[in-house]
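Colleague: Could you walk me through how to read charged pairs and strand order in a model? I would like the general idea, then the case at hand.

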Amino acid sequence: MSFGSQATIAESTVAYEDEDAFIADLVSRMSLERKIGQLIQPQINSFTPEDMERYRFGSYLNGGNGGPYGDEFAPASEWLRYADEMYEASIEPLDDGEPIIPTMWGTDAVHGHTNVVGATIFPHNIALGAAGDADLVRRIGHATAIEIEVTGIDWNFSPTVAVAQDDRWGRTYESYSENPELVAELGAALVEGLQGERGSDGYLGEGRVIATAKHFFGDGGTEQGVDQGDVNGDIDELMAVHAVPYPAAIDSGVEAIMASFNSINGRKMHGNEELLTEVLRGEMGFDGLVVGDWNGHGQVAGCTVTDCAQSLMAGLDIYMVPDDWRELTETLIAQVNDGTIPMERVDEAVTRVLRVKYRAGLLAPEPLLPSERGLAGQFDLLASDEHRALAREAVARSQVVLKNDGVLPLASGANVLVAGLAADDIGQAAGGWTLEWQGGLEGEMGADEGIADEIFPNATSIWEGIEEAVTADGGTATLSPDGSFDNRPDLAIVVFGEEPYAEFAGDQTDLVFRNEEGLGLLRGFQEQGIPTVAVFLSGRPMWMNRELNASNAFVASWLPGSEGAGIADVLTGAVPATGRLSFSWPANCGGTPVNGSSGALFAFGYGNSLDQAAPLRQLSEECSALMVGPSSDIFSSGRLGDGVTANVVGGGALPNLVGSEGGVRARGYDRDAQEDSREITMAAGSSLAITQAESSGGAWRITYEVVTRPTGGMAIRSGNSGAAMSNVDVRLQFENAQGKGFREMVITGQCVDNLGDTITFVSEGEITFRISDIRREDLPDNTECSF
């Protein structure tokens, strides 16, 4: 390895003791191309070390579904090896003698270093808000930073300091609380845990990484909780809620802030100079770097992903441009050369990036590979005993007992039945942003023996924790997901909850929990006179009146992560129940925000200890939303609808329409947001079926784009699964649609005889096409099919 003209940094370090003067010298000797490189952040799925050497990107990231060498489940050692390769590429000597500026790697480690197999999975922020302990959060931040450094990564896109106000938002679980002061306190604590205490000798030293407060600002205040949506109102009133956490994070030394996708009163934050520059820089005094979110600049009015001078001029310092980095680089260089972007603004942004690198020790006189720094390569620190104990403590302290008629704590020597599919599913307990962006891996991969050990090697499921605790207390525990038993139990614990999701895929139009598996189990035990404890896994408070009525005790367990034994600690009384709601719990199912109002069933701060019984009155089970029939939303926002499955005919399932089976490959595709669509490649002779568990009826409306013309016959079939299907030949239509962008097809009774529960794509040749939306809707009887 040759570091060549890296000496130019060493010379500057000797010449300048002042941070500003040192950085100004570096900037003065950089070419325009190298400066723009510092402002571009691609993802590892879309560029190579050779590209790094050519363009010298200031930073790069792994997306939620990205991993080194194309393997998102790569072992930790491969993450470190990849960090070395990218770093080496960024410091290769330059012929023109320019200063060498090392790159840095950013990652979304939002509840532990959870992109890496074997790392500690801490509870999500909503649970830490229920624990309400800044010191606990600070310790979790430090543990997370240690595990990040082990793999050679420099920068964490965390904490999320959103003040979620509408729990229908799919990112509610990333928020500590609806209360801005609590969010500010805990967000600042995580910053200190990740970076160390500002001004101390250990600041951004060993076992510390760069932190990012996100998303500035208003991400938790969108209308109806729509992710990336609109935040409207008086600006001072909005800031009194949503901007509160940022001064606290800045005072704690946060070095990076991420711009938000949402708009404020109609103006996208990625292009809002008044807020990104005048408020954040001027009024709040932030001197670190502002990084964009995933192609967020492309949502600014007048911009595209590859052309957006507006964002840089508004105050953005780094464009997060995962895939289109080359085109954006060329555009920015041209815009500086033609005067659209002043060189002074480029220098200002580069200075901010270099200032953060300087403080993080990345501009040290003698370069160190990531594998040579601090704790790098000490893989036994991943999910160390100390970190797992910390995660278990966090789980226990975040449990909120909403109801208890006296069945808790569990009696010594009890015969306990543990029911529910989630009881032994670590992926469901961990939620989104766990190994994959949308999470839920264990459930998606099936319940085959060994899956959990393979993808969650350092974890204890809720069932395992309960079994260990009950047995140690002289009792017996039996796992029965469907609730069946041979020997009548003294008590049943039912573990159930939301399936994992991330971002917009988790948005809901109301707060109804429609999966009735847990409700059915609770009512079944109730009918048999068997006392029950409901353990509810969720990323938000939801309307649970039916389940509360059917249970003797109800515990909000949030998304606890990898240490399920923490739940058992509370159920058995080994650890006091001290968790308190950081979000108000709704009395009604409609989803209108309550936030401490009279519409709350349980107010902010509510929670019971186990010292005395806390029975609950019978609650109303009326909910107009439950009267709606099967959802007509088949696929939207990157997620299959409730009860909808995707299967390859003669092959296997494609969970959430992702994977490869029987000649069909489906992967995430960014149309309007990250992986909100699917790109589907079909081999000759393959078929893909999309099926509703219960037919909603109506015509099929599909938004699609043909990428490559079919090389053979192409047909669409509709009908009921297991029965005769109606067929329509669409080869000509697909050939005509190729290269013409997204368009709609409507399949009605005019071209197929049976609009059943299934629609199937049948390919006799090869074809690649994309789907962004599938829905069913009632149309007039004479509506013709269209493509």
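Colleague: Which residues are linked in a network of salt bridges?

Modeller: Side chains of opposite charge can pair when their charged atoms come close. A salt bridge here is a side-chain nitrogen of Lys or Arg within 4 Å of a carboxyl oxygen of Asp or Glu. The network links D133, D135, R138, R139, E192, E393 and R397. Please keep in mind that this is a predicted model, where local features need pLDDT of at least 70, side-chain atom pairs count only at pLDDT 80 or more, and totals for chains, interfaces and linings use all residues. Residues are numbered from 1 along each chain as its sequence is written, and side-chain values use heavy atoms, with hydrogens and water left out.

Colleague: How many salt bridges does the rule give?

Modeller: The count comes to 42. One of them joins R388 to E563, with the closest N and O atoms 2.8 Å apart. R388 lies in helix α15 (residues 385-398) and E563 in the loop between β17 (553-558) and α22 (565-571), so this pair ties together parts 175 residues apart in sequence. Helices (H or I, at least four residues) and strands (E, at least two) are DSSP runs, numbered from the N terminus.

Colleague: Is E563 buried or exposed?

Modeller: Buried means under 20% relative accessible area, exposed over 50%, and partly exposed in between (1.4 Å probe, protein chains only). E563 is buried at 4%, while R388 is partly exposed at 21%. Another salt bridge pairs R540 with E498, the closest N and O atoms being 3.0 Å apart. Here R540 is buried, with a relative accessible area of 1%, and E498 is buried too, at 6%.

Colleague: Now the strands: what order do they have in the open sheet of six?

Modeller: Strands of a sheet pair through backbone hydrogen bonds, either parallel or antiparallel. For the assignment, two strands pair if DSSP finds at least two bridges between them. The order in this open sheet is β12-β17-β16-β15-β13-β14, with mixed pairing. At the edges stand β12 (400-404) and β14 (476-479), each with a single partner strand, so one side of each has no neighbour in the sheet.

Colleague: Which way do β16 and β17 run, and how many bridges join them?

Modeller: They run parallel, joined by five bridges. As an example, A534 has F554 in β17 as its bridge partner.
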